[in-house]
Amino acid sequence: MPTPTPADYRFAPTLTARLLGLTLVASAVVVLLATVAVAYWDLHTVVLLIPALLVLAVLVSMMAWSNGYVVRLTEDGYQVRRIRGAGVPAAHWKDVEDAVTTHVHGSPCVVLRLRDGRTTTIPVETLNVDREAFARELQERLAHGQGHRRL
């Protein structure tokens, strides 16, 4: 039986590294443009402090953002955050009809189908977890949340 504590799943390290890399490149472009502006208009070099502080704030917020959970499974239901186009962001297990695995655009996903016809699609490759372990945990929590017991 699943434990009563929530199971939190975060972004996979490869995805986090890719997002951080894009952020670093964009930050470098901002600093380069500020440096060129300082040189071209003969501004005081203190002006470079503004983009440097901005870059630092963006990097710290990016690290904090990527450290939070993406999928949370609890005894009562689930929550999905930070995945665009996932569908229903949260529901109780009693509202879930079933969970199926499929491929969406070539990426393995778990689709939670709700009783009212809506769905939640979770691309498993974006999570820092083994696909099989995630699907197993999801099925166990779904069965427990709907009151089903193992034979």
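Student: Let's start with methionine 63. Does that count as buried or exposed?
Tutor: Exposed, because its relative accessibility is 51%, and the cut-off for exposed is over 50%. Keep in mind that this is a predicted model.

Student: Okay, and which helix is methionine 63 found in?
Tutor: Helix α2, which covers residues 49-67.

Student: How far is methionine 63 from leucine 32, going by C-alpha atoms?
Tutor: Those C-alpha atoms are separated by 22 Å, and the two residues sit 31 places apart along the chain.

Student: What about helix α1 and α2, how do their axes cross?
Tutor: They cross at roughly 170° and come within 10 Å of each other; α1 is residues 13-40. Angles over 145 degrees count as roughly antiparallel, so that's what α1 and α2 are to each other.

Student: Which residues make that contact?
Tutor: On the α1 side they include Leu20, Leu24 and Val31, and on the α2 side they include Val55, Leu59 and Trp65. By class, the contact has twelve nonpolar residues, four polar ones and no charged ones.

Student: Switching to strands. What's the order in the sheet with four of them?
Tutor: It's an open sheet that goes β1-β2-β3-β4, with antiparallel pairing. The edge strands are β1 (7-9) and β4 (90-92), and each of those pairs on one side only. On average, neighbouring strands in this sheet are turned by 10° against each other, ignoring direction.

Student: And how many bridges join β2 to β3?
Tutor: Three, between residues 71-73 of β2 and residues 77-80 of β3. Arginine 72 has glutamine 79 of β3 opposite.

Student: Which helix packs on that sheet?
Tutor: Helix α3, residues 131-145, which touches β1 and β2. The direction of α3 makes about 40° with that of β2.

Student: How many bridges do β5 and β6 pair over?
Tutor: Eight, in the antiparallel sense, with β6 covering residues 107-114. Aspartate 98 has arginine 113 in β6 as its bridge partner, and alanine 99 stands opposite leucine 112 in β6.

Student: What happens in the hairpin of β5 and β6?
Tutor: There are two residues between the strands, and histidine 105 takes a positive phi near 55°.

Student: Last topic, the largest nonpolar core. Which residues touch the most other members?
Tutor: Val71, Leu73, Tyr78, Leu112, Phe134 and Leu138, out of 25 residues in that core. The elements giving two or more residues to the core are β1, β2, β3, β5, β6 and α3.

Student: Pick leucine 138, then. What does that one touch?
Tutor: Leaving out residues up to four places away in sequence, leucine 138 touches Leu73, Trp93, Ala99, Val110 and Leu112.

Definitions and conventions: Residues are numbered from 1 along each chain as its sequence is written. This is a predicted model: local features need pLDDT of at least 70, side-chain atom pairs count only at pLDDT 80 or more; totals for chains, interfaces and linings use all residues. Side-chain values use heavy atoms; hydrogens and water are left out. Two strands pair if DSSP finds at least two bridges between them. Helices (H or I, at least four residues) and strands (E, at least two) are DSSP runs, numbered from the N terminus. Axes are lines fitted to C-alpha atoms, for helices over the stretch in contact, and angles run from 0 to 180 degrees between N-to-C directions. Contact means heavy atoms within 4.5 Å. Buried means under 20% relative accessible area, exposed over 50%, partly exposed in between (1.4 Å probe, protein chains only). Angles under 35 degrees count as roughly parallel, over 145 as roughly antiparallel, 65 to 115 as roughly perpendicular and the rest as oblique. Ala, Val, Leu, Ile, Met, Phe, Trp, Tyr, Cys and Pro count as nonpolar, Asp, Glu, Lys and Arg as charged, and the others, Gly among them, as polar. A nonpolar core is a set of buried Ala, Val, Leu, Ile, Met, Phe, Trp, Tyr and Cys residues joined through side-chain atoms within 4.5 Å.
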